[in-house]
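Biologist: Could you take one part of this model and walk me through it closely? I'd like to know where it sits and what it touches.

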Amino acid sequence: MKKDIKPDYVVYNEETQEYHGKLLPFASGVSAPKITPPDVTSWKNSHIISANNQIKAQYEELEKAYRVLMENYEYNNLVYSAKFNFEPIVGKTYHLYKSNDESTFLSLIQPHECNFDHLGNFRLTADKIWEKL
């Protein structure tokens, strides 16, 4: 026996043997208006450009912050690996020098008062991190 086939415009569920046209959120009749999705290409293109610019700006900010962080890390390592025979006080300025034997040392002596190679001025912060001045 031949199976009864419904036309395409009839919304019929073969499994439950029920019509579902009334349950759809859109019209399913032949005379229903055509459903055309809106063209969002221009909206996508303009928002892609602005989103990419925003992401690029955030990336550049992070990259700059990373470079500053790594520079501070290098300075901190440089000062902590230097020789010094005193306990540095938070907030005071100290001077880093390179001696004749290429080793580094931290001193209270101003650069104009000695003949060593001056590498920089540093201050110990409350976080115990050396800050280059």
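Modeller: Let's start with the layout: along the sequence, the chain runs β-β-α-β-β-β-β, with 1 helix and 6 strands. Helices (H or I, at least four residues) and strands (E, at least two) are DSSP runs, numbered from the N terminus. This is a predicted model, where local features need pLDDT of at least 70, side-chain atom pairs count only at pLDDT 80 or more, and totals for chains, interfaces and linings use all residues. Residues are numbered from 1 along each chain as its sequence is written, and side-chain values use heavy atoms, with hydrogens and water left out.

On confidence, pLDDT is the predictor's own score for each residue, from 0 to 100. The chain has a mean of 84, and 89% of its residues reach 70 or more. Strand E1 (residues 12-13) is lowest, at a mean of 72, while H1 is highest, at 92.

Thr104 counts as buried because its relative accessible area is 15%; buried means under 20%, exposed over 50%, and partly exposed in between (1.4 Å probe, protein chains only). Across the chain, buried residues make up 14% of the 133 residues.

Now for contacts, meaning heavy atoms within 4.5 Å. Setting aside neighbours within four places in sequence, Thr104 contacts Leu78, Ser81, Ala82, Lys83, Leu96, Tyr97, Lys98 and Leu119. With residues up to four places away left out, the partners of Phe105 include Ala82, Lys83, His95, Leu96 and Phe116. Phe105 and Ala82 are 23 residues apart in sequence, yet their C-alpha atoms are 4.7 Å apart in space.

Lys98, which Thr104 touches, also pairs up with Glu102 in a salt bridge, with the closest N and O atoms 3.7 Å apart. The term means a side-chain nitrogen of Lys or Arg within 4 Å of a carboxyl oxygen of Asp or Glu. Glu102 is exposed, with a relative accessible area of 56%, whereas Lys98 is partly exposed at 27%.

The structure holds 3 salt bridges. One of them joins Arg123 and Glu131, at 3.0 Å from N to O; Arg123 is partly exposed at 30%, and so is Glu131, at 35%. Another links Arg67 with Glu63, the closest N and O atoms being 3.9 Å apart. Both of those residues lie in helix H1, 4 residues apart, about one turn of the helix.
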